[in-house]
Structure formats: C-alpha cells, structure tokens
Amino acid sequence: MGFVTPDFGTLFWMTIIFGILLVILKKFAWKPILTALKERETSIANALSSADKAREEVKDLKADHEKIIAQAKKEKDLIIKEARDLKDKLLAEAKTQASGEGQKIVAAARQQIQAEKQAAISEMRKQIADLSVLIAEKVIQKELKDKASQENLVEDLLKDLKLQ
Amino acid sequence: MKAIKSQRYTAFILFFLLSFSITSTPAFAEGDSHDSHSKEFIPGEYIMHHVADAFEWHLATIGETHITVPLPIILYSKTSGWHAFMSSKFDHGNTTYKNFRISHHGENSGKIEEVNQQGEVIGLPLNLSITKVVAGALFSVVLLLLIFVSAAKSAKRRTGQAPKGIQNTVEPIILFVRDEIAKPAIGDKKYEKFMPFLLTLFFFILLNNLMGLIPIFPFGANVTGNIAVTMSLALFTFAVTNLNGNKHYWKEIFNPDVPMWLKFPLPLMPIIELSGVITKPFVLMVRLFANMMAGHMIVTVFISLIFIFGKLMGTAAGLAISPVSIVFSLFILMLDLLVSFIQAYVFTLLSALYFGMAKAEHH
C-alpha cells in the first residue's frame, strides 16, 4: 500500500512549491486584485449613495416647488376673495346710497306734488267760486225774470231754511 | 472546421512529443524478469501505474516502445553523497545506474534503493526527485502564475472600470471565495488576512483537480490524488491555524469550560482537544486524497474492464464491453468534474472555518 504513505521527497518539494506560489501570488496577484475589487466596490457604493442623495435633493426641490405653488394658489385665492368682497361692498354702498338719494328725490317730488296740488286746489276753488258766482248771477238773472219763478225761489229757499 | 481543429490538436500533441527529449527503447520481451513490462495484462498494476506517482512521465507505449518524458532524479546517499541525473538513465526501471535502481518487489516497491556491487540492497537513499506529481504541480504553478498575474495586471490597469478578459473570468470565483467562504467562516473584520492563503489554496486544488482529469501530457498527473501533496496542503492549514490562534483558542484547548474532574488529575479534555487540533488537518488530507484517488481509480478500472473481458473471453467480448466501459468512464469523469469543484470548495471552506475558530473571541 505504497500510495497511502506520504513520500518525503514529494512532501518536501510540494511544501516549497506551495510556499513560493503563496508568496508570489500574494504579492503579485491577490493584493492588486483584492484592492481593485475593494476599490470598485467602494466606488460603486459611493456612486449609489450619491445617486440616492441626488434623488433626495430632487425630492426636496419638488416639495419646495409644490410648497411655493400652494402658497401662490393661496395668495391668489385670497386676492380674488378680497376683490370680490370689495366689489360686494362697493355695490352695497352704491345701492344704499342710490336708494337714499332716490328716497330723497321721491320725498322732494312728493312735497312738490303736494304743494302743486295744494296750489291747484286753491286755484280751482277760487275759479269754482268765481264760476259759481257767475252761474249764480246768470241763474238768478234768468230765474228772476218773472214773478212766479221769484216766488218759487223764495219758497225753495224757505223750504231749505225750514228743513234746517 | 472540425477537421482543421483536430489537425491542430494532433500537431499540438506532436509538438509536445518532440520538444521533450524522448527516450524510446524497446521494451523487454515476454518472460522478462520485470512483471510490469511483461505483455500480460495485470489490472492491479495497470491501475496503480495510472494513479500513482512515477519517476518518469509516461506518454504512450507503441508496440514495445515506451514513450516517456524523463524527469530529474535527485538522491542523497549516506555512502556516496548527492546524485542528480535524469530518470532516462534507469531505462524505464530496467537498469541499475550508479548503484541505484527502482525496486519492483517487496515493501520498497516503486522506490529507489541503493545496491552494492553484488546487487544486494544496502538501503534507501534520501529521495528528492522531481517526480511526475511534482512536475505536474510545477506546471500548474506556472499556469496559476500566468493566469493570476495577468489578471492582476488587468485589474491594476483597469482600476474603477468593469473587469475584462481573464480578470472577468477569475473575479467571480475570487468573489465567491471571499463572500461565500472567507467572510462567513472567519468574520467580516478578520477575513482579509487569510484571503491570499485561501485563494491560493482554492485555485491550486481546483486547477490540479481539473488538470488531473485531462489524460494528455502535460496534464494528467494525479497531483491532488497524492497523499504527500494533500499532506503538504493540510500542513499549511495546520500551521496557519495554530500560528493565528488567539488566547481564547488556546484556552479552549488547554483549559476548556468543563467540570474540574475532566481536567484534573487526568487532563482528559485537553487530550481530546489536542487530538482535535491534529485530526482537523488529517481529515483534510485524507478527504482530498481519497476523493481524487478514487475518481482516477474508477476511471482506469472501467477502462481495464475492456482488457479483462478481452483476456477472459476473447477479443470479441472485449470489444463488446468497450462501449459500456467508455460510457461508465465518461460518467465518472463528469462526476469527477463536479467533485473537483466540490473538493476545492470543501478544503478551502474547512480551512477557513478552522481559521475562524482560531480567531474567535469569547462570547
């Protein structure tokens, strides 16, 4: 069973060969490869984190934008509301003023009408009085042409007096 | 296109065959004193030849000619000092060179033994030869250096940019080792110190597991299926674990929170804990070795099935059984592909867990 007993010569050479291989590969292969791998990993990690940061910034900017827009909207609403209020107020003021003025005018008109009416009535009275005197004159002149009619008149007048 | 590709492939193989000084000598004829070179098919030897370590890299045997890549033999003998020569001097294990020969019998079978002028064995020299496994591991080291140093260059050049090319291929696996093995097992703050070791361990095991599945030179050496290799890796894990052990780690071993009678007068718990310290790397060693060795063995067993049937019931039976053998071998190879990844993962994960234990704080 020779093949399960380690041969000293092979062991000797293998230890030297593997030892030298280890030293050479460590210096010329593993160190540069592992450093390159690490560097790449850190650079990738950095790139990813900076991308995250940028995304975060963009998000912040967006939020800012939205905030500004919202504020502008609010301001716009406020301005519109103010304008509307002002308009309403002005309208109301104008209305009250107009109605007051109208009433004043109406009152003045009414007074004038009253005065005119009064004047007209008194004028009419005067004219009616004159007319009635005239009529009465004419009637009296006509009625008193004959005797009978004079008597009738007196009688009527007396009847009226009696009645009273 | 396919034809061109396969032509290129053949050219590639031929290039390898020619570029390595090939020794080809006619193998000894039947009835030779060495069993391993007799023409008779012995499944056990055939399988062991394919999964075990060797002093030369066998490519093919055409007729009676062995085509192998010779490897350096380095020996130290108490009597004659240091020796270094190519394995081709042994002539595939058939001759004795400078009083050394490859043993084929007895307890030293497969090892190099020293003989005197009379041909009597006088002992075993210290053998520091570059065997097939060591050569395979060296080749994998060259590949690993090529892959990862170029990946590191591209990582440096393209700092902060997306990965490209070979860097793009290895980076997910490096990230897997870092994020799925090191970080959960050791902890987010302490894992960095162990990353070079864990990565080297993972890729060395993975590459050698995969290379072991390719049966064409310069692949195919059963590196991670060699117990000395896995022992070396496990010893590294053992050393890193215990060199990084903090106060809490050593307290848990020598003075754990158990009733006093378990520690005094007989230090029962400390003995168990200490044995655990040694068991952990031992299990790592055996697991990787056994998995890879078994995978390679089963493949060769299925292939040798063809020859067993051929020998027992004639060539026709061997031919008839060959599709079954091939299908089963393919299946096992696919499984080994999966096992290659799993074993690299398990070895690394367990190592990381041991480091995590060594670094754990009291809670």
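## Strands of chain B

Let's start with a strand pair: strand S3 (residues 72-77) of chain B and S8(B) run antiparallel and are joined by two bridges. For bookkeeping, helices (H or I, at least four residues) and strands (E, at least two) are DSSP runs numbered from the N terminus, and two strands pair if DSSP finds at least two bridges between them. This is a predicted model, where local features need pLDDT of at least 70 and side-chain atom pairs count only at pLDDT 80 or more, while totals for chains, interfaces and linings use all residues. Residues are numbered from 1 along each chain as its sequence is written, with chains lettered from A and ligands numbered from 1 in the order in which they are written.

S1(B) and strand S2 (residues 65-70) of chain B run antiparallel, joined by six bridges, and B:Ala60 faces B:Ile67 in S2(B). Two residues lie between S1(B) and S2(B), and B:Gly63 in that turn has a positive phi of about 65°.

## Two domains in chain B

Chain B splits into domain 1 (2-129) and domain 2 (133-359), bounds that come from an automatic or database domain assignment. Where they meet, 13 residues of domain 1 of chain B and 16 residues of domain 2 of chain B take part; residues are in contact if their C-beta atoms, placed from the backbone, lie within 7 Å.

On the domain 1 side, helix H1 (2-19), helix H2 (43-51) and strand S1 (56-62) of chain B are the elements that give two or more residues. H2(B) has the largest share, with five residues. By class, that side has eleven nonpolar, one polar and one charged residues. Here Ala, Val, Leu, Ile, Met, Phe, Trp, Tyr, Cys and Pro count as nonpolar, Asp, Glu, Lys and Arg as charged, and the others, Gly among them, as polar.

## Chain A on its own

Chain A has two helices and zero strands. Its C-alpha trace spans about 200 × 35 × 20 Å along the principal axes. The radius of gyration of chain A is 65 Å, whereas a compact globule of 164 residues would be near 15 Å; the radius is taken over C-alpha atoms, and the globule rule is 2.2 Å times the number of residues to the power 0.38.

Of the 164 residues of chain A, 8% count as buried. A residue is buried if 20 or more other C-beta atoms (placed from the backbone) lie within 10 Å of its own, exposed if 12 or fewer, and partly exposed in between.

An unreviewed UniProt entry annotates residues 12-30 of chain A as "transmembrane region"; such positions are given in the numbering used here, feature names are shortened, and annotations may be inferred rather than shown by experiment. In the model, residues 12-30 of chain A are 100% helix and 0% strand, with end C-alpha atoms 25 Å apart.

## Where the chains meet

Across the interface, 40 residues of chain B are in contact with 29 residues of chain A. Helix H3 (132-157), helix H5 (195-211) and helix H6 (227-243) of chain B each supply at least two residues of the chain B side, and H3(B) gives the largest share, 13 residues. That side of chain B divides into 28 nonpolar, ten polar and two charged residues.

Technical notes
Contact = placed C-beta atoms within 7 Å.
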